[in-house]
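I opened this entry to keep track of what I looked up in one protein model. The notes go from the overall fold to single residues.

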Amino acid sequence: MILLVDDDDTVRETSADMLQELGYTVMQAASGLQALDMLDANPGFDVMVTDIRMPGMSGIELSDVAATRYSALKIILISGYFLPQVINRRFLQKPFRTYELDQAIQAEMTA
């Protein structure tokens, strides 16, 4: 089961459709706080795919909190912007293709 987090409704819906076409069960969150609530309520998530640039709580902040609370959760960061900072998690540059998202998820699941 995958938790997809992005504040942009269109991007989130498109990415969710991609994941569902690949056979994944997907739940969506529009913010970091909503994602944390969903993680608390649904301990069965295998992977969280989150945008980095979001208002309130960034995807990096979300991934740090989620990794601390849920050590088995696999995390993939996505962004359409160049990131000058070092990222210590799997990262996908937007826009990405369906197979690239699937490859990142498969690689993270076997890491």
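Below are my entries, in the order in which I made them.

**Fold.** I worked from a predicted model. I listed the secondary structure and found four helices and five strands. Read from the N terminus, the order is β-α-β-α-β-α-β-β-α.

**Size and shape.** I checked the radius of gyration against the globule rule. For 111 residues the rule puts a compact globule near 13 Å, and the protein has 12 Å, so the two agree. The C-alpha trace spans about 35 × 30 × 30 Å along the principal axes.

**Contacts and surface.** I took contacts between residues at least 6 apart in sequence; 59% of these join residues at least 24 apart. I then looked up burial: 41% of the 111 residues count as buried.

**Charges.** I counted 8 positive and 16 negative charges in the protein. Their mean positions lie 6 Å apart.

**Cores.** Which residues have the most contacts inside the largest nonpolar core? I found Leu3, Val5, Leu39, Met48, Leu62 and Leu73, in a core of 17 residues. At least two residues of this core come from each of β1 (2-5), α2 (32-41), α3 (59-69) and β4 (74-79). Helix α2 gives the largest share, with four residues. I also noted a second, separate core of 16 residues, which includes Leu4, Ala16, Val49 and Ala104. As background, nonpolar side chains in soluble globular proteins tend to be buried together.

**Leu73.** I picked Leu73 from the largest core and listed its partners, leaving out residues up to four places away in sequence. Leu73 touches Leu39, Phe45, Asp46, Val47, Met48 and Ala66.

**Peptide bonds.** Is the bond from Lys94 to Pro95 cis or trans? I read an omega near -10°, and the bond is cis. For reference, most peptide bonds are trans. I placed Pro95 in the loop between β5 (90-93) and α4 (98-110).

**Ala107.** I then moved on to helix α4, where Ala107 sits.

Terms used. Residues are numbered from 1 along each chain as its sequence is written. This is a predicted model: local features need pLDDT of at least 70, side-chain atom pairs count only at pLDDT 80 or more; totals for chains, interfaces and linings use all residues. Side-chain values use heavy atoms; hydrogens and water are left out. The radius of gyration is taken over C-alpha atoms; the globule rule is 2.2 Å times the number of residues to the power 0.38. Buried means under 20% relative accessible area, exposed over 50%, partly exposed in between (1.4 Å probe, protein chains only). Contact means heavy atoms within 4.5 Å. Lys and Arg count as positive and Asp and Glu as negative; His and the chain ends are not counted. The place of a charge is taken as NZ of Lys, CZ of Arg, CG of Asp or CD of Glu. A nonpolar core is a set of buried Ala, Val, Leu, Ile, Met, Phe, Trp, Tyr and Cys residues joined through side-chain atoms within 4.5 Å.
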